[in-house]
Every structure is written in C-alpha cells, then in structure tokens.
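Hi,

Here is the structure I promised to pass on to you. Have a look at it first, then read my notes below.

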Amino acid sequence: MATGTTPAAPPAPSPRDRGVRAPGRAAITAPHLRTDRWWLPPLVTALGLAAFVGYSTWRAFANADYYAAPYVSPFYSPCLAHNCVPMKGGADWALFGPWWGLSPALLVLIFPLGFRATCYYYRKAYYRGFYAAPPACAVAEPHAKYTGETRFPLILQNLHRYFFYIALLVAGILTYDTALGFRDTHGAWGHMGLGTLVLLANIALIWAYTLSCHSCRHIVGGRLRHFSRHPVRYRLWSWVGVLNRRHMLLAWSSLISVGIADLYVYLVASGAFDDPRFF
Amino acid sequence: MTSYEAHFKVWRGDAEGGDLRDYQVEVNDGEVVLDIVHRLQATQAPDLAVRWNCKAGKCGSCSAEVNGRPRLMCMTRMSVFTRDETVTVTPMRTFPVVRDLVTDVSLNYTKAREVPSFVPPEGVAPGEYRMAQVDVERSQEFRKCIECFLCQNTCHVVRDHDENKPAFSGPRFLMRIAELDMHPLDAAADHGLTRATSAQDDHGLGYCNITKCCTEVCPEQIKITDNALIPLKERAADRKYDPLVWLGSRIRRRGQ
Amino acid sequence: MTNVERHAYDVVVVGAGGAGLRAAIEARERGMRTAVICKSLFGKAHTVMAEGGIAASMGNVNPHDNWQVHFRDTMRGGKFLNYWRMAELHAKEAPDRVWELETWGALFDRTPDGKISQRNFGGHEYPRLAHVGDRTGLELIRTLQQKVVSLQQEDFAETGDYESRLKVLQECTVTRILKSGQEVAGVFGYVRESGRLFVIDAPAVVLATGGIGKSFKVTSNSWEYTGDGHALALLAGAPLINMEFIQFHPTGMVWPPSVKGILVTESVRGDGGVLRNSDGKRFMFDYIPDVFKEKYAQTEEEADGWYTDPEHHRRPPELLPRDEVARAINSEVKAGRGTPHGGVFLDVSTRLTPEEIKRRLPSMHHQFKELADVDITAEPMEVGPTCHYMMGGVDVAPDTAEARGVPGLYAAGEVAGGMHGSNRLGGNSLSDLLVFGRRAGLSAARYAAALDPAARPVADQAEIDAAAREALRPFNGPEQAASQDTPEGAAGGAQAPAENPYTVHQELQQVMNDLVGIIRRGPEMEQALERLASLRERAGRAVVEGHRQFNPGWHLAIDLRNMLLVSECVAKAALERTESRGGHTRDDYPEMDRTWRKVGLLCTLTGPGAQAGAGAGADADSAADARVSVERRPMDPIRADLLDLFERDELLKYLTDEELG
C-alpha cells in the first residue's frame, strides 16, 4: 500500500522503560507534564502527619503529666496499667499488673492508631504523602513494582471495621472522661473550666470522625440492597453519608483536637498554666 | 470579542515515536482547548489526529492530557490559562498511542467484557419490574459514566505499571461491578456469582489503594472512590474477612 | 487490484446508535452472524446527547394514556404527513421496547409505586416520557451496549470467542453499499485507525447512521452527523423522502463559539424563561399567528399570571410551538435586534430565585456556568435556533423497514424517513430508534436466513476497485483522479487548484445555514443549488496531507460527498414544496396547503453515476456526476379506523374534502 501503515518492529523494551515510558505509549520523556504545584498537598500532608506522630510519640512515652484533676489526657484513657496515676472516678483500671513498666499510653494508643492507620482517608494521605504511590494524580510514582493492598501486610487494611468497633468503645470512654470534666479538682459536680470546653470540642470531633467512617457507613446501611425495605437504616445511612463527605476534614480536625486536648492537660499538669475555672 | 496568539505544544507522532511540536495559534473569547485543536487542523495541521464527538462533555471522546492533567478537551476552557502560558496537549499516557492525540483504548473494551452482565430476575416479566427510587439511585450515579476513560488513564495502578493491566479492571469497571451489586433486581447471586468477592478475586479490587485520582479527574463528578470502590471493598470484607462468615463456611464444608 | 480486507457476515448494521444496536441485537438473537460498524468508539453515538426521554404510552403516571392517544399526538405533531402505519406501529410497540430495556439492566427514574416514571413534554397529551434525569440517551445507549456485551459473553461461553456471532467494528466508516444487480451484496469502507480498506460481504445491510446536522453551521448534532446513510442509500439506488423537513430547535446556545448550537432545554421557557431582544422588548407578543390568537396571552401581565394561575390566564407566547418561536427569533436577529453574539436573550433569573433555578434546571445551570461563564441565576442566556433533527430519510416499507427498490437494504432511526412526517415530537425519537431498530434487524435477519447460502449475491470486483479508488482519491492531486494512478502523488501542476476540505466544509455549512435554513425563499434556494454545484466540483478537488493512519482531513474529504448529496436533496425538495408545514417554512408560501399533504417528495439519483451498483461501469467519480432529482408521490390514504380516532373538525384542517369523503 503506497500510503500504508505497516508498523515497524517495536523497539526492544529496556528495564527502564516502564510506566508512562513503556513501549507503545506516546514517547514523552518527562515523567509528568504538570505545571501546577502538585507537590504541595502531599508535602503538607506528610509534614502534618509527621508532626503529629512526633508529638504523640514523645507524649506517649513520657508517662508523665497526663492527669490534672478533673482532666485526663485522651492519650492516656482508658489507663489500664498498675502504674497509672490515680484518677478520681476515672477510667483507670489496672488490668496490667506492676510487671508493666512502660507508659500506660502504649497499651491503648494502638487502637486509635490502628483505626486511623486503616482509615480510608488516612490511607490515601500516607500512600500519597509518604509512599508516593502516587505522589499526585498523573505524576509518575518511583516504584518499580506495585501490588497495592493485595498482599500482607497491606491486605490487613481490610480489618478497618474491627478497629471501628474498638474506636466506638474508646470514643465512649472519652465521652465519660469529658463528663468527668464537669467536676472541680476535688470531684464535686457542677463545675466547669476552660479544659472542659477543650475536652468537649475534642469529643465532638472524635465522634464526628468515628461516625463518618466508611466502614460505619457500610455497616449502618450501605451493605443493604433495598433501602426501601429498611427506612430507619436508610435514614442512618444518609446521615452518616453527610458526615462521610467531610471525612478528610473531620480526620484532620479530630487529629488536631486530640493533640490540643493532650497538650492542654500537659500544660496544666506540668504547672505551666492554671486551668481557668468558670464556676 | 478579543483574541490573542497562544503558544501550544501538541504531541505529534505514533507508536514508533514522536515529539511535542510548537504552534502559535489564535484564541478567541470563550473557546476551549478542543476549539484550538480544531483550528490547528483547519489551518496548520490538517492531519492532526484527535477523537471528538459531541463537544458538550456528554460523549467522553476527547480525553487527553492538558498541561499534564487528564481532561476532556471540550470542557477545558482557555480562560483557565494565562495568555503567556504554554499549553501542552498530549494523548492519554496510559494507553498505547495510535497517532497524535488518539490512543488505543481497546483495553477498556476488553475489561468491559470481563464483567458478568446484569442477570435478570427469574419469573419477572418485562413491564413487571418494580423498584423504588431510593434503591436505584446509587447505581444511577454510576450509570452517569460517559466512559471517557480518564479514570482508567489516571489510575497509577496501570499508568505506572503495565504489568498490572491483566489483573486490574480499573476504576470504571470496578464501579460497574458496584453498580450491578447495588442493582435492586440483579439475580447474579442466585446463579452462584458473588460480585463483591469476584471484584477482589477476578478484577483486582485489592490493587486499588483509594488514592482517589479517579474521583479527581471524573468529568461527571461521580464519587467513584467513596461511593463505588470503598463500598465494594467493604462488601468484599463482609464475605472474606468477617470471621463469623468464614467460620460458618468452614463448618458447612465439613458437614458435606 | 486494491489491497482490501474481506469479511463475511449474514447481517451488517451500519451505525451503532440506538437504532443500530437494537437492530444488531435482534439480528443476533435471530441466529444471524452480525457485524455492527461504528463510526466512533462503541458507545459514543449521538444518541447519548438525547436528554428528555423515551415516549411510550405505558400509562404509569396517567392511566388514560394508550397507543391511540400517542398515535394521535404523533400525527398532529407531524401535520398528518407521517407514514401513518409507522406512527401506528411506533405507538403500539414503544412500551414493550422500553420494558425490554429494564430486563437488560436499564435503571429509569421511578414512580412512588416503583414503576417507570413518565414526564410531560411538548405535544404529548399525557406524561409519557420514560427518563433518567436529563441523560436518558446515555442510559439507552449504555443499556444496549451492555446487552451486546452480554450476548457476546453468551457466545464466549459457548464457542470460546466473544465475537463469533456479534462483532463490533469500532471507528470504521462505510463509503459504499455494494450490490450485485439490484440486490445488496455488502459494504465497502475504511478503518479510521489504520486507513485500511475493507469489504464485508453480507446479503442484508441495515442503515442506522443518524442525521445530517453537520451540513449546517449551527447545529446541536455531533461530528458524525454527515448524512452518511442518506447518501449511501441514494448511491445504492434507494430514494429518500421528506428531505425538506428539518427541525430547528428555537433555543440553542450562541456563545461561546465552542458550544454554538448546543441545546438549551425547552423546560427553561416552561419554567418561566422569557425571550427579549437587544432593546429589552419581550418580542414574542408580536409573533402570535392568527390561528393561535385565542390560546395565547396578549399582554405581559396576562402571560405572567399563567405561571401561577393557568386556569384564568392564557399561555405566554414563549410557549408557542418550536417552529413559531424559532422563526420569531430568526426575524428579530435579522432585523438587527439581536444580541452581540447573534441571538436573543432568554432570561429566567427575573422570575425564579437562584435556589429554584438550580433545583429545576441543574444541567442548564451547570452548562452555562462551565462553558459560557454565565450564571443563569443572575444573568440572561443568549440563544438562537439550531439545526436539530432531519425528519426525512430513506423511504422504507413501514412494517419491515426495507428500503424501497433495493432488496436487502434496511433503514431505521433518523436515517429512515416517514415516521415523523413534517415535524417530530420530543421523545418520539428514542422510541423510534427502538421500535424500528428492532423491526429492521428482524427483517434483515429473515431476509438473510431465507437466502440460499450458496447463492448469495457477491459484489463485483470492478465495483470494489472503483470504491477503493473513490475512497483514496483525496490523496491524489485533482488530475490524477482520472488516470487512476497510485495514491502516492500530491497535487500536481493542474489548472484547477487543490482544495482544503475544511474550507469547503465551512462554506457548505454557511450556504445551508443562510440559504436553506429555517426560513426559505425560492430565489435563495436556487442560489444555494448553484453554490452547491460549485462546492461539489471543488470537493472533487479536495486534497489531503499526510498518510492514511487516523487522518481527519481525509475523513472529512470523504464525508463531504455525503453532505453535498444530502444538501442538494434538501434544497431541491424544499424548492419544490410550495407551502409551509412543520420543519419547512417558505417565506414566499407561508400557508399550509391541504393538497400538499397528499404529496411526498422523493429524491433519487440520476445521471451517469447513479447506478454505481449496476456493474463494472461504475466509476470513482460517479458521485460527482450524479444529479439529485425530485419527484412527487401520492401518500397512502390513512386507514379508516385510524382516521376515526380524530374529530372531523380537526381532520378538516389537514385533509381535503374529497379525502374525508
């Protein structure tokens, strides 16, 4: 054919020719052609998460300044070891005997940590921010191989729902802690200080984040095929859906609020600051 | 009506090679990138290959990458660029290129065939289907899909890893499985097909790491990740990672 | 001899929109090996653009609806020029075709009791349109596409090959129907991606190629609508009917240029949108024709009252029939009272709150915001008429969809004529695709099955060679065409210059828009015919650069032949019909004439190239030499029991006294 299109033999593939530079695809050498500041969101995410991890690691291992009656730091509640500071009426149950010499925070923090680590939003955040898989949309990732969540350990992300159940318990205990915040330093009820407001704001955000979870949305109604036969669960599903649309916002705001709540308790407990009492 | 000369870089070539060519081209008020490509065809490059049909964001033909971002050319207005900005237009970079801005998207049609079709319920005659609006709404969202394949193009699972193409159906077709799994009258389960587990076992749902680029590029604003892929992962988890269900199936197997 | 791929099927369907896919499904289900040829990718056909719904008298919303009412509405809409038998079949079978879609997985919007919801639309007496929001066409095409896939999965399970019985050829264009004697023998075409030429041998061919809008400058139609099927039928010797009737929708976007022609839904006016000219005047009050004087408001106060109290007020004149509004807008713009971009203002922001507009017209709000930077909750839209639908098409037998005069050729959907008469009702298009798509597929399958496999017609090699030369001619210089040289050369030292196909196309669109557009005048159409003749000659000299692989310039050069042929039919038929009716408005003959109702205008091809299928004498230049001729044909009298569905007073407006007896 004079104007024919018989293709020449394709060039031999080299190991470097992968992804967008794989043979057969449009020959463009740049790994991406984005001109916007695509690196900013993953960078901010990574810095934000790193800051929180740094702070919470320090506080979790500190094993000090986590109780300032009537407030307990959310990092240390429930407090399950023998070495816990006594908390009047608080959730300090010595399930672990004197043999546990480390910080009691380590016993409970793994649960909220697990909940957030397997959370569908945080997964996106750290896969993009730390693993660069991908760093941003249509920006080539650096890995030679990718199997996603098909294998151990990442296949364990499927256990998110169990962390959700535990997160409900933890949120319940933190609610109890918040209620205890309506006492004065001697345990008398009907009082309030700035710390009470801090704990209130935190627990509201913790609940909103927990209930906005994708697993929660599935469990309350998403798994149904016929909403019309389950009007109550349909309504619950719709409400959770409203929260779920703000899952990222709630993830960040509850992360910050829990850090602030701990910091507040730390500042009061370490004597850096006196809790202003309202009544 | 104001107009100006814009600087365009358009990828020209075929499977054997190609490069970004520079063009100076007139741009008028209110135009979109596809208009500029058409002007190039009519005035400077009559054989510039491009796919397009409706020019109204309804058919999903003119998918390409503009300044590195997967977009429909007909829905990318020139006013989003500054006048001195170079606008770079390339074909989608996940699919094999045919020529210029046209790629071979047959992978998507292959994947479409691998998703088992709707199974009509037995004993329900045409005209007797009864479905509540609230029950069809979830699947209706997914049926808004115009098959532009931008989600398939942007998904790093196949964009950056050719070797995953056989195992991974991609967001569009995982969403199709979700659509059928949520269809109020689909009778696949009666014929032994559990769509959610099949999504994980046969269509590579596990490759998805929910980084949401499919949702970001969807011109129909379908919440692919939140409403299709994550629910599908949860439905698969119901079946595969729920110890009670697992125990139940073990006991049943022993009883046989 | 030319290098041509060759395949064989029982039935070939040209076009993969609603009608084509429905025909292919039917042919495959009848056991025929079937090929579907799509001009674009599978699932991108123009059907996706349909918004409103599918008209079918299921009676889900109003139980009084039935096929007789639907039939009456259709005949009134078409000003009684419809093929009444098609309108009858259409009204009777539409509900079954819609219900069938549900068994293939379609998800329509629902009524509270779980049935398919139906909405009101212009010209339909009851709520009748099955719909999915404002994307019904997408649902239709996707459902049919998925049904095709489902059949392929069945074949895979049985034979190990998805395409053993039903093959979809994507991005292929048919340029000729091949014949053996008078009978269809197959199709000839090219593959867009590679530029390779192919022949499919098949005794039955279904045309389902859609419309002709791309012959006009301002149109709501897509790239593919170049009148391919109309031209293929003409070239194969099948006549076209009613080609003078083109529906112009009154409100298309006029700005920005990229979206000029895109539809602005009628619901904008239904929900209170008013039309104003550049003087700010609500001009529609000046355009109420005498026959409608009693039904429409004469003052703004009265019109405004209708929206809240329709019992005691007459309708605002913005809600006159589409043709009236389109003509009025056209006149205002021609009188110099148009907007800067050549339209008029359509304003809904003064009547509804922003919240209400976003709730009732979400897609319009989005469309203007995204594409025109216009916030319709605060500013007026600019709109003007846009070429929307071709009522005319291949003259088919109503029951079988077989093209008259060419055994083995079938047509369904917009490419078939007759069903809609002089004007189509909204919603009747999608149902038309399904009803007659199925019938065409069924008839084609029966025809192919009845033939002795050993005695199937086979296309003549000379005819294939001629078709190949014709397809490759744009790569030659204008002079080489005659010498039938290799397609290597470029425009040589010919006296006549080579033409750019894009330029010829733009001029064609301008000619049709200006001279055979919404308002027609005898002298202008004569001028148009002269211009068309010169354009046809220039199109013969169109030369393209580059090679055959995915070359849009080449594709356009080939499509030009079809657009020019169809345009000539439109202009000639429009010149012949000296009355105004539906989608045909003559400034020089403004009245509807009952005697013209009895007449259909048939376009046929005469001249040296007309019998391209006749044998070895076929020549690559045949299309350029052939001439369209128009003849009158009496319409079949309407069956008595169908006439009885109407009041005699109404029939008197349309039928002559002797017809009524």
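In chain C, six residues of domain 1 are in contact with five residues of domain 2, where "in contact" means that the C-beta atoms, placed from the backbone, lie within 7 Å. The two domains cover 248-385 and 461-641, with bounds that come from an automatic or database domain assignment. On the domain 1 side, helix 8 (residues 322-334) of chain C gives the most, with four residues. That side divides into three nonpolar, one polar and two charged residues. Here Ala, Val, Leu, Ile, Met, Phe, Trp, Tyr, Cys and Pro count as nonpolar, Asp, Glu, Lys and Arg as charged, and the others, Gly among them, as polar. Helices (H or I, at least four residues) and strands (E, at least two) are DSSP runs, numbered from the N terminus.

Before you go on: this is a predicted model, so local features need pLDDT of at least 70 and side-chain atom pairs count only at pLDDT 80 or more, while totals for chains, interfaces and linings use all residues. Residues are numbered from 1 along each chain as its sequence is written, and chains are lettered from A and ligands numbered from 1 in the order in which they are written.

Still in chain C, look for the open sheet of five strands, with the order 7-3-2-11-18 and parallel pairing. Two strands pair if DSSP finds at least two bridges between them. Strand 7 (166-169) and strand 18 (409-411) of chain C each have a single partner strand, so they stand at the edges with one side left without a neighbour in the sheet. From one strand to the next, the twist averages 20°. Strand 11 (residues 204-207) of chain C pairs with strand 18 of chain C over three bridges, and Val205(C) sits opposite Leu409(C) there. Helix 1 (residues 18-29) of chain C lies across strands 2, 3, 7 and 11 of chain C, at about 170° to strand 3. Angles run from 0 to 180 degrees between N-to-C directions, and axes are lines fitted to C-alpha atoms, for helices over the stretch in contact.

Now for the neighbours. Between chains C and B, 52 residues of chain C are in contact with 49 residues of chain B. Helix 4 of chain C gives the largest share of the chain C side, eight residues. By class, that side has 22 nonpolar, 16 polar and 14 charged residues.

Chain B also touches chain A: 48 residues from chain B and 45 residues from chain A take part. On the chain B side, helix 9 of chain B gives the most, with seven residues. Chain B itself has 10 helices and seven strands. Of its 256 residues, 59% count as buried (20 or more other C-beta atoms within 10 Å of a residue's own; 12 or fewer is exposed, and in between is partly exposed).

Finally, how do helix 1 (residues 40-62) and helix 3 (residues 120-129) of chain A cross? Their axes come within 8 Å and cross at roughly 110°, which makes the two helices roughly perpendicular (65 to 115 degrees; under 35 is roughly parallel, over 145 roughly antiparallel, and the rest oblique). Among the residues that make this contact are Pro42(A) and Leu49(A) of helix 1 and Tyr126(A) of helix 3.

Cheers

Notes. Contact = placed C-beta atoms within 7 Å.
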